Amino acid sequence: MPTRLSTICNKVIEAGWLAAVVLVPLWFNIYSARTFEPDKITLMRSIAIVMALAWLIKMAEQGFGRTRPSQPTSEVKTATVFPTWAQRLFRVPLLVPLLLVI
């Protein structure tokens, strides 16, 4: 069951990407002759940092998915049903391109 903090973090994340989609293209500096204006980059980066902090708070509050049953029937079944956060991370399809960009 989601807690109040995780609900707030979800709302911040969603508001962040919506704000990025709407506000970054609308940010217009009439005195700039550059295609990629530093003002837009700064705005986008600030929104992304706020979203990342909200996601980290949400993941820390939820325990990175370490919920285990109180009485597991067997160790093999528990390991396959509840993968660790590292196993879940490596299942992300865009992990390799993301690491290459970073």
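I started with confidence: among the elements, helix 1 has the highest mean pLDDT (93) and helix 3 (residues 75–81) the lowest (55). pLDDT is the predictor's confidence in each residue, from 0 to 100. Over the protein the mean is 81, with 80% of residues at 70 or more.

Ground rules for myself: this is a predicted model, where local features need pLDDT of at least 70 and side-chain atom pairs count only at pLDDT 80 or more, while totals for chains, interfaces and linings use all residues. Residues are numbered from 1 along each chain as its sequence is written, and side-chain values use heavy atoms, with hydrogens and water left out. Helices (H or I, at least four residues) are DSSP runs, numbered from the N terminus.

**Helix 1**

I looked up its span next. Helix 1 covers residues 4–26, 23 residues in total, and reaches 32 Å from first C-alpha to last, close to the expected 33 Å (1.5 Å times one less than the number of residues). I also found a kink of about 30°, centred on alanine 20; the bend is the angle between axes fitted to the seven residues ending there and the seven starting there. Leaving aside neighbours within four places in sequence, alanine 20 is in contact with Pro25, Met44 and Ile47 (contact: heavy atoms within 4.5 Å).

Which residues of helix 1 are buried? I get Ser6, Cys9, Ile13, Gly16, Ala20 and Val24, with buried meaning under 20% relative accessible area (1.4 Å probe, protein chains only). They pack against helix 2 (38–62). The spacing made me recall that an α-helix has 3.6 residues a turn, so residues three or four places apart point the same way.

**Serine 6**

Serine 6 has a relative accessible area of 1%, so it is buried. Its side chain reaches the backbone oxygen of threonine 3 at 3.0 Å. Not counting residues up to four places away, serine 6 touches Lys58, Glu61 and Gln62.

**The core and alanine 54**

The largest nonpolar core has 8 residues: Cys9, Ile13, Ala20, Val24, Leu43, Ile47, Met51 and Ala54. Helix 1 and helix 2 are the elements giving it two or more residues. My working definition is buried Ala, Val, Leu, Ile, Met, Phe, Trp, Tyr and Cys residues joined through side-chain atoms within 4.5 Å.

From helix 2 I picked alanine 54. Its relative accessibility is 6%, so alanine 54 counts as buried.

Terms used
Buried means under 20% relative accessible area, exposed over 50%, partly exposed in between (1.4 Å probe, protein chains only). A polar contact is a pair of N or O atoms within 3.5 Å; within protein, one must be able to donate a hydrogen and the other to accept it, and residues adjacent in sequence count only if both atoms are side-chain atoms.
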